[in-house]
Amino acid sequence: MSLTPAELTSAVAGGIGSSPQRPDGNLKVRGEFAYASDLWHEDMIWGATLRSPHPYARILSIDLTEALQVPGVYAVLTHEDVRGKNRYGLEHKDQPVLAEDIVRYQGEPVALVGADHPETAQRAMKRIKVKYEVLTPVVDMETAVDDTPLHPGGNLVRHVPVRRGDQHAEAEVVVTGRYEVGMQDQAFLGPESGLAVPAEDGGVDLYIATQWLHVDQGQVAAALGLPLERVRLTLSGVGGAFGGREDLSMQVHACLLALHTGKPTKMVYNREESFYGHVHRHPAVLYYEHGADRTGKLVYVKARIYLDGGAYASSTPAVVANSATLGVGPYDVDNVTVDCWGVFTNNPPCGAMRGFGAVQSAFAYESQMDKLAEALGMDPVDVRIVNAMSEGSVMPTGQVVDSAAPVAQLLKLVKDKPMPPLSTAVDLRDMPGGVSNTTHGEGVVRGVGYAVGIKNICFSEGYDDYSTARVRLQIINGEPAALAHTAAAEVGQGLVTIMQQIVRTELGVERVTILPMDTSIGNGGSTSASRQTYVTGGAVKAACAAVREKLAKLAGGRDLAGVDLVGLLGDDVIDETVEWRHRATEPIDPETGQGNAHVQYGFAAHRAVVDVDVELGLVKVVELDCAQDVGKALNPQAVLGQIQGGSAQGLGLAVMEEIQTEGGKVRNPSFTDYLIPTVLDMPPMSIDVLELADPNAPYGVRGVGEPPTISSTPAIVAAIRAATGLALTRVPVRPEHITGT
Amino acid sequence: MDFLRPDTLAEALALKAQRPDAVPIAGGTDVMVELNFDHRRPAALLDLTRIAELRSWDSAGGNGDGGTVRIGSGVPYTRIIDELGDRLPGLAMASRTVGSPQIRNRGTVGGNLGAASPAGDTHPVLLAGDATVEAASTRGTRLIPATEFYLGVKRHALEPDELITAVHVPVTRAPQQFAKVGTRNAMVIAVCSFAVALHPARQRVGAAVGSAAPTPRRASAAEEFLSAELTSANQWESPKPLLDSVKRRFGELVAEAANPIDDVRGSAAYRKHALSVLARRTLDWAWRDYSEKVT
Ligand SMILES: Cc1cc2nc3c(=O)[nH]c(=O)nc-3n(C[C@H](O)[C@H](O)[C@H](O)COP(=O)(O)OP(=O)(O)OC[C@H]3O[C@@H](n4cnc5c(N)ncnc54)[C@H](O)[C@@H]3O)c2cc1C
């Protein structure tokens, strides 16, 4: 069996602006796609991870004796076996590969077992004896900074203040609120998995489901104490990511076992372990105060935002910056006082998830906009339009928004859509409670809500954000054939299709092949921040331009359009590799938050129509329509898919998705009790896609993946408020919040 | 782990007598989850899927009111919905709310009983509808009333050498209802559930709650109250719309029958509240239906 999913590299038809079918689509629907969990190697062994049962404890001793005696066990490893530096992390290297003397969250890896069978590994793992001295966990994000320090530098990960305008501005109409966002999980369907194969050069080849090959490579190499070139990563079949694969999970663990035993080592988490094995969305507590004049025009916004980063830093610093800099939403506000704190606690570590800090703020500022509308007796859409930012607006960071920002237009688009009829016939599938037969119309009240959001696209704050692409052109069997190679992770979003479309358009050749994504080429950057079509797409486009330049030289000044490529190229091969960067950003001032921190902004608006069974507290989202500007839809079908998926994930946060914790322990690590929307929860969507090109971006594209996740949640909650008249300041909204029981 | 695959019931019972530790597996929708998550490693699995007797139903007990359908413990939900919906409306309704189409294709009432989860969807219906569980061993066959079957959280009245061979469910043309609350509109475990069955021939009402106590249980006080109320007002012969006060009292008594806990799925207070709402609504639907049929 091949170790990379071949179908991802097979050809589709069509250039940019068309919607070729994904090469892996049918296989996935039929259940035949090879995910990383399907990896297999002759003679491989299986790894298992012993995890801490305690959110906070001191490890007094670890006894491996009995585990090592289990027949079939090849190795049992602890932190003492970590060959390189026992620390990793995306922004701060603060997380041990295997715990040393302290465990800081429930599920923290303590020891590894490698055995001939996954069951043997599990059995042996249960025979490892760890003595813990249980400590009192820090679990409250609002007081964590003054609580027991969990790391040498204390419990503050980052504080970002944003100060703009008059800090003492006063207004005629003032609304305040405290809001809470629960801990959402990415809930990708393919759990963490990979296969590490020891290599003859003393290094290792890792086949892995990840979002970012190169950042994994660097961290794995450092933990293994190996030079980069001896740690080679190849992307395997990835079953979704949504941010949850940006941090390491089993990468180093599998490599350690492989190097220690000399055997290919496979690790696959099951669903329960997956809940402990990756970071989640930061839960948040947000205090807001909005001041406006009688016309609804915002005079000032003040906010204090707390984000619970859990036990390790992960990407908390960047999430904090997003929450703060995007903290007032897509509105013009002259006077802004925002503070956002990301803190350490003994709750599960939190990091990247679709929307990345913008989701939490948006729930609060959009709830505030509705409250303001109510205080003013204004229509909720009107109050937003009065304040809507537009091209040329100045962000609270002082950054000028220099491409399309059609906030008012997006709001009008969703507002002007026809309303769904009130259903008359009783079809249980259309009712709150669905087929569970809880109502035939009794207690059902309809509500409508609106929201709009803003998201930064690509990496921010001066990060050197780039991608590398190689494009080769040659004649094969008398036909021009192009090949493209990057290390940018295809996680299910369709980048492989986009890359082919770009090459086809740029080079005018039909035959385009994509090489497997691996670290034999330079960094492709993360598949996150809605950035791959923009940045890797930009790199592929630039590599094609470099190929065209070579062709032009060969053609000696003749117009390429009329040239026969077969004759021109002959046996020559043109092979160009390009590193492509979007325009640079700047760090923000640590005291005022001022600076051109972001590359581009994306906007989406939603209108939600809900039916609420007010007696039982059950919700049916009847309609969830969206308008979004995508700059240019390179693949219109894929754009719709992103908007539908993002909106569904926002719906999940609005009404059901939450990792519930108690004293730092996860209470629902399974899909039995961590519920994600089904087809009966997510309504069909009517979507308006605007294509207002960003002159700074390749083809004018604007990142698509995250904005719909941001506005969907507050729109739905606004609709539930409209139906119930309740304040509903926490998501997910539970039946108890509606019934008051 | 031994995998025992009897072809006949007699063989299965003999095996179970020899190996009382063998865990029966029917649709496997509970058992396989436990195995996959390593929550259970029985010494032996006893596969019941080859036994034709368990995978059929018959109406030798009579098709009309007063009759009984005997459903083999291995008949999947999909078939109950498709083949028995007209005769056993409550059971079909509950079956429809179980899991997803895939789960309903595999999952069985026998398995639901074997698991005896307080949240199992068929239990309230079996209780309200006066069903009986047929259990067999090499020692013989006995009938256990549903009311005596559930002993505790995931504990039931089977002896270690017994298998569930069937459930006997009284046939009815009278209305039955089942409703469950979950925080998702499909594929959800009950936060609480409720079943009501009208028994006009005996002038009785059956009512039972699920997922709201250590076991599924009947709401006896609610049953008594409503039965008495309907009989004294001569409602069975000439039904009239139910008074709100009657529905409300019925709902209160149903909630009082529950003894729920706070857990990740819902609070105890919510469960009680929701049960009273479900009781009122389902009674209303059943009664309207009945009134239309009688008049
Ligand atoms: C995704 C999913 C969704 C689900 N949703 C629901 C739901 O909505 N509502 C619900 O009630 N349940 C639900 N379940 C649980 C399960 O599907 C049901 O309990 C089902 O009825 C079990 O039937 P089965 O035939 O698959 O049982 P199995 O898994 O085969 O067995 C279940 C138990 O019963 C025992 N058993 C089986 N047959 C016999 C027998 N003849 N005699 C003695 N013991 C026996 C087994 O040993 C085992 O302990 C769900 C399960 C899954 C995986």
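**Close-up views of chains A and B**

**View 1. A salt bridge between Arg265(B) and Asp673(A) in the predicted model.** Arg265(B) is joined to Asp673(A) by a salt bridge in which the closest N and O atoms lie 2.5 Å apart, in what is a predicted model. Strand E11 (176-181) and helix H11 (268-294) of chain B each contribute at least two residues to the side of chain B that touches chain A, and the largest share of that side, 9 residues, is supplied by H11(B). Sorted by class, the side of chain B that touches chain A holds 16 nonpolar, 9 polar and 8 charged residues.

**View 2. The interface of chain B and chain A.** Contacts across the interface involve 33 residues of chain B and 42 residues of chain A, and the two chains bury about 3,000 Å² between them, of which 49% is on carbon and sulfur atoms. The count of salt bridges between chain B and chain A is 7, while 24 residue pairs are found in polar contact across the interface, with both residues of each pair at pLDDT 80 or more.

**View 3. The pair Arg123(A) and Asp38(B).** A salt bridge connects Arg123(A) with Asp38(B), the closest N and O atoms being 3.0 Å apart. Arg123(A) lies in helix H3 (residues 118-125) of chain A, whereas Asp38(B) lies in the loop between helix H2 (31-36) and strand E3 (44-47) of chain B, so the pair joins two chains. Arg123(A) counts as partly exposed because its relative accessibility is 31%, and Asp38(B), at 18%, counts as buried.

**View 4. The pair Lys129(A) and Glu66(A).** The side chains of Lys129(A) and Glu66(A) form a salt bridge with an N to O distance of 2.6 Å. This pair links distant parts of the chain, with Lys129(A) in strand E6 (residues 129-134) and Glu66(A) in helix H2 (residues 65-69) of chain A, 63 residues apart. Lys129(A) is partly exposed at 43% relative accessibility, and Glu66(A) also counts as partly exposed, at 33%.

View 5. Glu736(A) and Arg734(A) form a salt bridge whose closest N and O atoms are 3.6 Å apart. With a relative accessibility of 10%, Glu736(A) counts as buried, and Arg734(A) is buried with a relative accessible area of 19%. In a network made by salt bridges that share partners, Glu119(A), Arg123(A), Lys126(A), Asp38(B) and Arg41(B) are joined together.

Notes. Residues are numbered from 1 along each chain as its sequence is written. Chains are lettered from A and ligands numbered from 1 in the order in which they are written. This is a predicted model: local features need pLDDT of at least 70, side-chain atom pairs count only at pLDDT 80 or more; totals for chains, interfaces and linings use all residues. Side-chain values use heavy atoms; hydrogens and water are left out. Contact means heavy atoms within 4.5 Å. Buried area is the accessible area (1.4 Å probe) that two parts lose on being put together, summed over both. A salt bridge is a side-chain nitrogen of Lys or Arg within 4 Å of a carboxyl oxygen of Asp or Glu. A polar contact is a pair of N or O atoms within 3.5 Å; within protein, one must be able to donate a hydrogen and the other to accept it, and residues adjacent in sequence count only if both atoms are side-chain atoms. Helices (H or I, at least four residues) and strands (E, at least two) are DSSP runs, numbered from the N terminus. Ala, Val, Leu, Ile, Met, Phe, Trp, Tyr, Cys and Pro count as nonpolar, Asp, Glu, Lys and Arg as charged, and the others, Gly among them, as polar. Buried means under 20% relative accessible area, exposed over 50%, partly exposed in between (1.4 Å probe, protein chains only).
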